[in-house]
Amino acid sequence: MKHLIKPIAILFMLSLLFSMINPALGTAYTLGWDLVDSGKHLDWGGSTKYQNDFNYSVNTWNNYKSGVIRKDSIIYLKDVTISDITLKNNDAGETDGDNKTIKFNTFNIDPMNTTRRRNVCAHELGHALGLNENPNTGNTMYYKSSDTYTLSRDDKDSYNAAVLNW
Ligand SMILES: [Zn+2]
């Protein structure tokens, strides 16, 4: 099996080189389910009192992959319904894959500033797109609400991985 050594060594050198060129390689976290339709769109209906923050977060994802998330219409059938609830628990938002809903918990979101609200909205949209929780801070998909509302390397890599499951 001597002949195997050379290609492995070359592969190792290549991956080493690649990691030096791309020091910010991310990790992908996907759910294995999503609310994206067969046309590869996530069309939302309903409303929330945090509509400005929600719309901002729609743009955050669409700026990375344009045109995926859309407001429902006569032509675009609704894939997910957004609404508000008030529950005295620790959840800021919940995306339900069975009921095809995103619910924003006013009990926890009302005291938040714009940054945090955008984080919650972008995070829940991420679940609807098929992204899972990220265990590390600095990511929109970090499992707790945080000040991150832009897409990190991990968020983008997770999105790219989720798209492959659509
Ligand atoms: Zn989550």
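Helices here are DSSP runs of H or I with at least four residues, strands are E runs of at least two, and both are numbered from the N terminus. This is a predicted model: local features need pLDDT of at least 70, side-chain atom pairs count only at pLDDT 80 or more, and totals for chains, interfaces and linings use all residues. Residues are numbered from 1 along each chain as its sequence is written.

## Helix α4

The 15 residues of α4 should span 21 Å at 1.5 Å a residue. The expected span is 1.5 Å times one less than the number of residues. The end C-alpha atoms of α4 are 21 Å apart, which agrees.

Of these 15 residues, 12 are buried, so α4 is largely enclosed by the rest of the structure. Buried means 20 or more other C-beta atoms within 10 Å of the residue's own; exposed means 12 or fewer; partly exposed lies in between; C-beta atoms are placed from the backbone. Among the buried residues of α4 are Arg117, Arg118, Asn119, His123 and Glu124.

## The nonpolar core

The largest nonpolar core has 27 residues. Such a core is a set of buried Ala, Val, Leu, Ile, Met, Phe, Trp, Tyr and Cys residues joined through C-beta atoms within 7 Å. Leu42, Val80, Cys121, Leu125, Ala128, Leu129 and Leu131 have the most contacts inside it. Two or more residues each come from β1, α2 (51–64), β3 (80–85), β5, α4 (114–128) and α5 (153–163). The largest share, five residues, comes from α4. In soluble globular proteins, nonpolar side chains tend to be buried together.

Leu42 is in contact with Leu35, Val36, Val68, Ile69, Asp79, Val80, Ala128 and Leu129, leaving aside neighbours within four places in sequence. Contact means C-beta atoms, placed from the backbone, within 7 Å.

## His41

His41 lies in the loop between α1 (5–21) and β1 (42–46). His41 is partly exposed, with 17 other C-beta atoms within 10 Å. Not counting residues up to four places away in sequence, His41 touches Val36, Val68, Arg70 and Tyr76. His41 and Leu129 are 88 residues apart in sequence, yet 9.1 Å apart in space, C-alpha to C-alpha.

Strands β4 (residues 93–96) and β5 (residues 101–105) run antiparallel, joined by four bridges. Strands pair if DSSP finds at least two bridges between them. Asp96 stands opposite Thr101 in β5. Four residues lie between the strands, and Lys100 takes a positive phi near 55°.

The covered face of β4 holds Gly93 and Thr95. Glu94 and Asp96 form the uncovered one.

How values were computed: Two residues are in contact if their C-beta atoms, placed from the backbone, lie within 7 Å.
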